[in-house]
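Dear colleague,

Please look through the coordinates first and then read on.

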Amino acid sequence: MKKTIYKLYWAWQFDKEEKWLNECSAKGLHLCDVGVFRYTFEEGNPGAYSHKLELLENWPSHPESVAYIRFLEDTGVEMVGSILRWVYFRKKTVDGQFDLFSDIDSRIKHLNRILMLFIPLMIVEFVIGTINVFFSRTLNQSVGTINILLGFVFVYGIYVINKKKQKLKKERMIYE
Amino acid sequence: MSDLTSGALTEAVYYILLSLIEPCHGYGIMQHVEKLSNGRVRLAAGTLYGAINSLLEKNWVKALDNPSDSRKKDYQITDLGYRALNSEINRLKELYNNGLSIIKENKYEENNL
């Protein structure tokens, strides 16, 4: 039987999202499809899968991403679905611990990729918001206000990701 | 070849190079490294993929065609990679010997372990 749950996770909460998906799997709900705010689950053996999310460098259909996903598949990782460049992976828990990254550098690299997604979006929201609020005669001012608010949401996201990054960087002074 | 003697290799790169003395595919490297380190080092697939690509770029390893399965790529160490591995082993030897001799001199071992 399939079950659909609607839930909002911001992109900078990807680790919380992973944790939630693992909790769902622990209850016997296994993610089988993802959409925007939408998670579709299949019922199965409790705790069968653990999950990881990754923002890929390219779109999932890009040859480089295809090669990467294939490499992961050879190690027992399955791709469940994707939203834009965000990909949802899972691995059977009986096949051992599931991590995409095992050193600090590759974790930092992934966070940098997320920052490089947020920073342009933040700028775009602020620019469009400012144009709408102050310079546009035709467009509704509330549209511009929403743009600016979204800009601040991205500022917050950048802050959260950057905090994670700084923590890792400190650790890297001592460890790899 | 100053880049061969300078700097420390990461633990991942060191163990990947050691695993590729014989041709091996990605998952095989992960298993080999885990076995070699008695389960201490678990390479994650994403990190391994990034490291292999960097090593390919540096020409320290090369990709081989796998005759039994065209999808699974095998990799193997190159001469350049072999030299880097050797100089790393020498570096580790120095670290190990220095550590051991200083610890022994101070009798730290007997008092605190």
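What pattern does chain A follow when read along the sequence? Chain A runs as β-α-β-β-β-α-β-β-α-α, with four helices and six strands, where helices (H or I, at least four residues) and strands (E, at least two) are DSSP runs numbered from the N terminus.

Before the details, a word on conventions. This is a predicted model, in which local features need pLDDT of at least 70 and side-chain atom pairs count only at pLDDT 80 or more, while totals for chains, interfaces and linings use all residues. Residues are numbered from 1 along each chain as its sequence is written, and chains are lettered from A and ligands numbered from 1 in the order in which they are written.

As to overall dimensions, the C-alpha atoms of chain A fill a box of roughly 60 × 50 × 30 Å along the principal axes. Of the 176 residues in chain A, 24% are buried, a residue being buried if 20 or more other C-beta atoms, placed from the backbone, lie within 10 Å of its own.

The domain assignment, which comes from an automatic or database source, divides chain A into domain 1 (2-95) and domain 2 (104-172). The centres of these two domains of chain A, taken over C-alpha atoms, are 24 Å apart. Six residues of domain 1 of chain A are in contact with seven of domain 2 of chain A, contact meaning that the C-beta atoms, placed from the backbone, lie within 7 Å. On the domain 1 side there are four nonpolar, no polar and two charged residues; here Ala, Val, Leu, Ile, Met, Phe, Trp, Tyr, Cys and Pro count as nonpolar, Asp, Glu, Lys and Arg as charged, and the others, Gly among them, as polar.

Turning to the strands, two of them are said to pair if DSSP finds at least two bridges between them. Within E3(A), Arg38(A) is the bridge partner of Tyr6(A), whereas Glu42(A) is that of His30(A) and Glu43(A) that of Leu29(A). The hairpin of E2(A) and E3(A) has two residues between the strands, and Phe37(A) takes a positive phi near 65 degrees there.

An open sheet of three strands in chain A has the order E4-E6-E5, with antiparallel pairing. Strand E4 (49-55) and strand E5 (77-83) of chain A are at its edges with a single partner strand each, so one side of each has no neighbour in the sheet. E5(A) joins strand E6 (residues 86-92) of chain A through six bridges, and Ser82(A) has Val87(A) as its bridge partner in E6(A).

Helix H3 (residues 104-135) of chain A has 32 residues and reaches 45 Å from its first C-alpha to its last, close to the 46 Å expected at 1.5 Å a residue, a span computed as 1.5 Å times one less than the number of residues. Its buried residues, including Ile104(A), Leu111(A) and Phe118(A), pack against E4 and helix H4 (141-172) of chain A together with helix H4 (45-58) of chain B.

Finally, 16 residues of chain A are in contact with 17 residues of chain B. On the chain A side, the largest share, five residues, comes from helix H2 (residues 63-74) of chain A, and the residues on that side divide into six nonpolar, four polar and six charged.

With best regards

Methods. Two residues are in contact if their C-beta atoms, placed from the backbone, lie within 7 Å. A residue is buried if 20 or more other C-beta atoms lie within 10 Å of its own, exposed if 12 or fewer, and partly exposed in between; C-beta atoms are placed from the backbone.
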